[in-house]
Number of protein chains: 2
Amino acid sequence: MSEAVVLACDWGTTNLRAWTLDAGGGVVQDRDFALGVSKLAPGEAERRFHDEVRPAFGAEGLPAILCGMIGSNLGWTVAPYADCPAGLEELAAALKVVEPGVKIVPGIRGPGITGGVDVMRGEETQLMGWLAQNPERRRGRQLVCHPGTHAKWMLVEDGRLVRFVTAMTGELFAVLSQHSVLKSDAPPTDEAAFAEGLAAAGDGDGLAARLFTARARVAGQGKPMESTPSYLSGLLVGADVASAPRLLGCEAAAVTLLGDNALCALYRRAFDARGIASETFDGEAAAVAGLFALHQIGAA
Amino acid sequence: MSEAVVLACDWGTTNLRAWTLDAGGGVVQDRDFALGVSKLAPGEAERRFHDEVRPAFGAEGLPAILCGMIGSNLGWTVAPYADCPAGLEELAAALKVVEPGVKIVPGIRGPGITGGVDVMRGEETQLMGWLAQNPERRRGRQLVCHPGTHAKWMLVEDGRLVRFVTAMTGELFAVLSQHSVLKSDAPPTDEAAFAEGLAAAGDGDGLAARLFTARARVAGQGKPMESTPSYLSGLLVGADVASAPRLLGCEAAAVTLLGDNALCALYRRAFDARGIASETFDGEAAAVAGLFALHQIGAA
């Protein structure tokens, strides 16, 4: 086993995933902790980090770098947002030192689609890792989609995030599946219903009305209730893919998918249906690469 | 007190509202019952109607007419949908006799925006009542908006409903306010935040992304969490008003609002902001008028 040089943590709302990394950025050990910041009392993050996370790796002496909601007002301390445009260097320069040897990656804030702002915490680290993995990616213009509870659509120019838009796609699926007239316990695994939902997304306009088609197809056409989650998933993913690039002012011929493989596969189907080329990269590997790159640049 | 000639019921998902009406359609008595069909076991509606609703009015011998979800598979018996185009005559001809002297108004089914169908149950009776209240309304083309959990946008030509679109506007507000990252107990009474949400609705495109602006304005701009429900309400109503007429292929210069007065007032602000004239009519009075007109035509 190679020697660990840094403790890296992706510390989010519902979970904490941690790795020790060697001098080449390779994973030495990894562990999950049920310590999402939504479950922590004020002041608890720091204590649990010292009492549980460090000892679990025998990593008491290592420098540590943390990203995600741990840098929000729910976490350890607030790491103020870096502003767009931001690349590896800007983020590394904005790392928040919370105690000697422990740094938190700031989130990023950018111009919003309605004149306000948009924000992210955690996804920026995956994006930076993806950029760090291959210098080619830091040339020209790239559209990167990170699907999830709050899907991020990120426009990168010459290695810097210039603007992005967040869509509540995953959260809409969750709350509608659990709490609305579209409620169902059936798994969203009906491929034909997913494709039907993709088609019903159209150009994405009028989403509140398109959502009711998930009800009308059952009440008025006798489609099985069990197909509702798959239809709803296709409708929401399809509407996201139809609308987000337009909102970002970037009708792309090719998109990079970065994140959870199962979610990326759903988006890939939506891109395929629209004739948009896509390539998928693993979000966890990108998070590790991003934390390692920011640690290295920040320590230089 | 004038003599009652019919027992009229608007029997919905969460509540049952009932009136006895005199020979001119005037209300003799009215009562509410906590007997929404979502709370009833199979077969229970018929029993509760005979054991509680009729006796409460001393109306055992009167003919009765019922509308709403009581005609769905959750209710007393299924009253099959009437198809668009449908006016007072078509609906009266399709009344479902469930037992001697008791009739249920069918819902209406029309072509859907995504190639399927759209459906309503209950709103058609308010629409028919509004049409019955004034013969002028049965001439030419009218766009009628019924705000609510499932907002109905109805296009009427020469007194018949030709097509409609349903938007899950009210239900989105409810599930997002109660179960999402936008959750808040604050009342939606902040007028400035409502206006901010109306403006953020833009042309209504990309609703899943516009919804996240409700989060970003708090996390990234320091707006107070307590203003979130008002902002969300303005955003959803604004997006509905921006999108629904377009989906219906009917960019209207004037709209009729029919329904709950508080909800209609919110929509009125959205129409005002867009320079669209609107006139509001009370939904309960329209329901009474619709039930009475259908009773009269159906008995003729």
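Biologist: Ground rules: helices (H or I, at least four residues) and strands (E, at least two) are DSSP runs, numbered from the N terminus. Where is the place of L257(B)?

Modeller: L257(B) sits in strand β13 of chain B, residues 254-259. This is a predicted model: local features need pLDDT of at least 70, side-chain atom pairs count only at pLDDT 80 or more, and totals for chains, interfaces and linings use all residues. Residues are numbered from 1 along each chain as its sequence is written, chains are lettered from A and ligands numbered from 1 in the order in which they are written, and side-chain values use heavy atoms, with hydrogens and water left out.

Biologist: Is L257(B) buried or exposed?

Modeller: L257(B) counts as buried because its relative accessibility is 0%. Buried means under 20% relative accessible area, exposed over 50%, and partly exposed in between (1.4 Å probe, protein chains only).

Biologist: What is L257(B) in contact with?

Modeller: Contact means heavy atoms within 4.5 Å. Leaving aside neighbours within four places in sequence, the partners of L257(B) include C145(B), P147(B), Y267(B), F271(B) and F281(B).

Biologist: New topic. What relates chain B to chain A?

Modeller: A rotation of 180 degrees, with 0.0 Å of shift along its axis, superposes chain B on chain A at RMSD 0.0 Å. That is the relation of a two-fold axis. In chain B, D205(B) has the C-alpha nearest the axis, 2.4 Å from it.

Biologist: Which residues have the most contacts inside the largest nonpolar core?

Modeller: They are W153(A), L172(A), W153(B) and L172(B), in a core of 88 residues. A nonpolar core is a set of buried Ala, Val, Leu, Ile, Met, Phe, Trp, Tyr and Cys residues joined through side-chain atoms within 4.5 Å.

Biologist: And what does L172(A) touch?

Modeller: Not counting residues up to four places away in sequence, L172(A) touches L207(A) and L236(A), along with L172(B), L176(B), A208(B) and L211(B).

Biologist: How about R246(B), which helix is that in?

Modeller: R246(B) lies in helix α7 of chain B, residues 228-247. At 35% relative accessibility, R246(B) counts as partly exposed. R246(B) touches D205(A), D203(B) and E251(B), residues up to four places away in sequence not counted.

Biologist: What does the side chain of R246(B) reach?

Modeller: The backbone oxygen of A242(B), at 3.4 Å. A polar contact is a pair of N or O atoms within 3.5 Å; within protein, one must be able to donate a hydrogen and the other to accept it, and residues adjacent in sequence count only if both atoms are side-chain atoms.

Biologist: On to sheets. What is the strand order in the open sheet of chain B?

Modeller: The order is β5-β8-β9, 3 strands with mixed pairing. The edge strands, β5 and β9 of chain B, each pair on one side only. Two strands pair if DSSP finds at least two bridges between them.

Biologist: In what sense do β8(B) and β9(B) pair?

Modeller: β8(B) and β9(B) pair in the antiparallel sense over 4 bridges. In β9(B), M120(B) is the bridge partner of I108(B), and D118(B) is that of G110(B). β5(B) and β8(B) pair in the parallel sense, over 2 bridges.

Biologist: Which residue in that hairpin takes a positive phi?

Modeller: G115(B), near 100 degrees; the hairpin of β8(B) and β9(B) has 5 residues between the strands.

Key: Least-squares fit on C-alpha atoms with pLDDT ≥ 70 in both.
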